Amino acid sequence: MKTTSQKILGVWNTKTVVAIAIGAALFGVLMNYGGIPVFTNTKLTTAMIIPVIVGAMFGALPAAVACAVGNLIADLIGGWGYWFDWSIGNGVLGFIVGLLPLYGANIDEGIFKPVHAIIYAVACVIGNALAFGVITPILTTLFYGGELEITFLQAMAAGLSNTLVLVIIGIPILILLARRNARGTDLKLEEKEVKEEQNI
Amino acid sequence: MKSPLLNLIPGDTYLHKLTGKTKVRAFVILLVYIIMSFDLRLILPLFIVGIIGLVSLRPEWKTLRYFFIVVAAVNLLNIVLFWLANPDIGAFWCGGSRTVLVSFTKRLFISLETLWYLSIRFLKMITSFLISMVFVLSITPSELAAGLYSIKVPYKICTIFSIAFRYIPDIGRDYENIKISMQARGVELDPKKVPLMDRIKQNVLILVPLIISSFERVGNISNAMDLRGYGRGKTRTYYCEHEEGKADKIFKAIYTGLLLFCAFWIVSRIIYPPPSKMWYPFS
């Protein structure tokens, strides 16, 4: 079993590194090609699903890293300029959305109940409010000075569209993934017997 | 979506031959340089340097043209939206004056200041696109990882960058495969024939297998890496990183100078804030 700190920080083994990398690549590509523009630099993007999945499988910090690196990659191949404030904001959002294992949802073992879906939806709203309502505007003023009005408008648009995507597409995907993984849960590693054999 | 931008094999022009360390450090400093100001006198030289750099890389212009058109269009749209959000933004940036050129309604007007601010903003975006284009075209994922490692990023994060960039073409291939197999099963994916809501639904339909197949590959890749002893040591060296040549030394001198200039600029701006937020010649 994972400890609480492992659920938040993730276990940084090779598997996690690779999963974050693939998550970041998917995030970057979906951010560019898998979205519909809503407002300046803001899209109704399906990329937001990635941190949910990475978070559900590997923990909150990996989700945050996947989100932040993914946003950097999206900026790099998209060419709308660099917005590190948004990368960090996305990282924070990834962290909060990726907290899934902390409140008991375990996609790897197929556990995703309606209670988790509700907590998840609330976390999405809080995460968006915190990431784009507080952190991104603060960083924007720090990095670029001014432009608060537009950032707030963008943040509103981003927060709303992200919440929509996270809830409307996120929950079905989580249920789907959980159901998919649940098929394997009847197979249990018979630790006791192995140990007994070793004792003999 | 074959990504024409990412090259996995190092090229043979002057910029290609620099070490990853030089490329990443120069790029980071140039980013600071772009972000720190809205000053035409600083952005325009970099814009010209960016064009020279891009030409020197001898890229495939046919594929690049498409990117340039898309980026210019997106940024123009952004600027129009910026203007709609606050037509008076120029007054804030250029020190409060307001020279109205055309007035549509009481709220919607074009002032010289806003026009100036928005066109500088556009130039800034295009410059940052140019620089990132030069960077992406000149670097390979391994060099990127090596370069990031040289600026003290933990090597597991470096690996994330290099795998992510190497994985992007695979995503394109998977996407094409899934799309084709879905079309074979009779799903209409032509954007001209399908209304918007259905298209969103179909995007999700492609997304699910794409995500699942991608994450199923995690086990294979990580096992292969584990077998080769990844993650055992505390530090890491990079095979692609070669000895610094003459060009690297020249670049080192340039980017160190630029870094000092950026530091000076930012600090002096904090200590002595200028009267207006950006350089504006007509006030």
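Me: Where in chain A is the mean pLDDT lowest, and where is it highest?

Reply: Where pLDDT is low, the predicted coordinates should not be read in detail. This is a predicted model, and for chain A the mean pLDDT is 76, with 76% of its residues reaching 70 or more. Among the elements of chain A, helix α9 (residues 191-199) has the lowest mean, 57, whereas helix α2 (residues 14-33) has the highest, 87.

Me: How much area do chain B and chain A bury between them?

Reply: The accessible area lost when parts come together is often used to give the size of an interface. Here chain B and chain A bury about 4700 Å² between them, and 82% of that lies on carbon and sulfur atoms. On the side of chain B, the residues that lose the most area to chain A are B:Ile35, B:Ile160 and B:Phe215, which together account for 14% of what that side buries. In terms of contacts, 53 residues of chain B meet 53 residues of chain A.

Me: How many salt bridges and how many polar contacts link the two chains?

Reply: The count of salt bridges between chain B and chain A is zero, while two residue pairs are found in polar contact across the interface, both at pLDDT 80 or more.

Me: Which helices of chain B supply the side that touches chain A, and what classes of residue does that side hold?

Reply: At least two residues each come from α1 (20-36), α3, α4 (89-93), α5 (112-138), α7 and α8 (196-227) of chain B, and the largest share, 15 residues, comes from α8(B). By class, that side of chain B has 40 nonpolar, eight polar and five charged residues.

Me: Which residues other than glycine have a positive phi, and are they buried or exposed?

Reply: As a general idea, most residues other than glycine have a negative phi. One case is B:Arg58, whose phi is positive at about 45° although it is not a glycine; B:Arg58 sits in the loop between α2 (40-56) and α3 (61-85) of chain B. Another is B:Lys152, with a positive phi near 70°, placed in the loop between α6 (141-150) and α7 (155-184) of chain B. B:Arg58 is exposed, with a relative accessible area of 63%, and B:Lys152 is exposed as well, with a relative accessible area of 74%.

Notes:
Residues numbered from 1 in each chain as written. Chains lettered and ligands numbered in written order. Predicted model: local features only at pLDDT ≥ 70, side-chain atom pairs only at ≥ 80, totals over all residues. Heavy atoms only, no water. Helix = DSSP H or I, 4+ residues; strand = E, 2+ residues; numbered from the N terminus. Buried < 20%, exposed > 50% of the residue type's maximum accessible area, 1.4 Å probe, protein only. pLDDT = per-residue confidence, 0-100. Contact = heavy atoms within 4.5 Å. Buried area = accessible area lost by both parts, 1.4 Å probe. Salt bridge = Lys/Arg side-chain N within 4 Å of Asp/Glu carboxyl O. Polar contact = N/O pair within 3.5 Å; in protein donor to acceptor, adjacent residues only side chain to side chain. Nonpolar A, V, L, I, M, F, W, Y, C, P; charged D, E, K, R; others polar.
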